[in-house]
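Could you walk me through this model, one selection at a time? Open the viewer and keep the sequence panel beside it.

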Amino acid sequence: MIRVHGNGNVVSDPEVRHTPGGKAVCTVRVAAYNGKDAKLFIDLEVWEDVAENVHASSLSKGDRVVFDGLLREDEWLNKEGETRRKLKISVSEIGPSLTYAYANVTKVESNQDAGDRRQRSERSAEVTDEARAVQATVFADDEEPF
């Protein structure tokens, strides 16, 4: 697995959806800049409780974010039966960049200790793989699974 630490500008408002099993997934598309003109657009996937937190936060289009996660590749078949692939980052940590803004933090009430939260974060990779198994559906044109 490749761990990715990065930052970028949010290019569309975060969108939350739920898998058929009821697990929340939030997609955040960001533009990362490498020099003056080079841009890389990439989707960040955030799962379960963190997905709900991102969706409930004030992150929106134009905000600068910092993130940490694992590089993943989605693979699906389009309508013509062709295999399509897309790189994404399965994010375990995300938040606003305090270089360009300030943030008001609202803590989420939790009865879990730090060890439980760490285990939940580590399970997010397993949840991602489980959700991808559900995506064995043929998608129209070049449409991606989420």
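Buried means under 20% relative accessible area, exposed means over 50%, and partly exposed lies in between (1.4 Å probe, protein chains only). This is a predicted model, in which local features need pLDDT of at least 70 and side-chain atom pairs count only at pLDDT 80 or more, while totals for chains, interfaces and linings use all residues. Residues are numbered from 1 along each chain as its sequence is written, and side-chain values use heavy atoms, with hydrogens and water left out.

**The whole chain**

Start with a cartoon view. You will find 2 helices and 6 strands, in the order β-β-β-β-α-β-β-α along the sequence. Helices (H or I, at least four residues) and strands (E, at least two) are DSSP runs, numbered from the N terminus. Of the 146 residues, 33% are buried.

**Colour by confidence**

Next, colour by pLDDT, the predictor's confidence in each residue, from 0 to 100. The average is 78, and 74% of the residues score at least 70. Where pLDDT is low, the predicted coordinates should not be read in detail.

**The core**

Select Val28, Val30, Leu44, Phe67 and Ile89. Within the largest nonpolar core, which has 16 residues, these five touch the most other members. Such a core is a set of buried Ala, Val, Leu, Ile, Met, Phe, Trp, Tyr and Cys residues joined through side-chain atoms within 4.5 Å. At least two core residues come from each of β1 (3–10), β3 (24–34), β4 (38–47), α1 (48–56), β5 (64–77) and β6 (83–96). The largest share, 4 residues, is supplied by β3. In soluble globular proteins, nonpolar side chains tend to be buried together.

Zoom in on Val30. Leaving out residues up to four places away in sequence, its contacts include Val10, Leu40, Ile42, Leu44 and Phe67.

**The hairpin**

Now select β5 and β6. These strands run antiparallel and are joined by 13 bridges; two strands pair if DSSP finds at least two bridges between them. Leu70 stands opposite Ser90 in β6. The two strands form a hairpin with 5 residues between them, and Gly81 in the turn has a positive phi of about 85 degrees.

**Salt bridges**

Finally, show the charged side chains. A salt bridge here is a side-chain nitrogen of Lys or Arg within 4 Å of a carboxyl oxygen of Asp or Glu, and the count comes to 9.

- Select Arg17 and Glu15, whose closest N and O atoms are 2.5 Å apart. Arg17 is partly exposed, at 37% relative accessible area, and Glu15 is partly exposed at 37%.
- Select Asp43 and Arg29, which meet at 3.0 Å, N to O. This pair links Asp43 in strand β4 with Arg29 in strand β3, 14 residues apart. Asp43 is buried at 5%, whereas Arg29 is partly exposed at 28%.
- Select Lys88 and Glu45, a salt bridge of 3.2 Å, N to O. Lys88 lies in strand β6 and Glu45 in strand β4, 43 residues apart. Is Lys88 buried or exposed? Lys88 is buried, with a relative accessible area of 0%, and Glu45 is buried at 1%.

Notes: Contact = heavy atoms within 4.5 Å.
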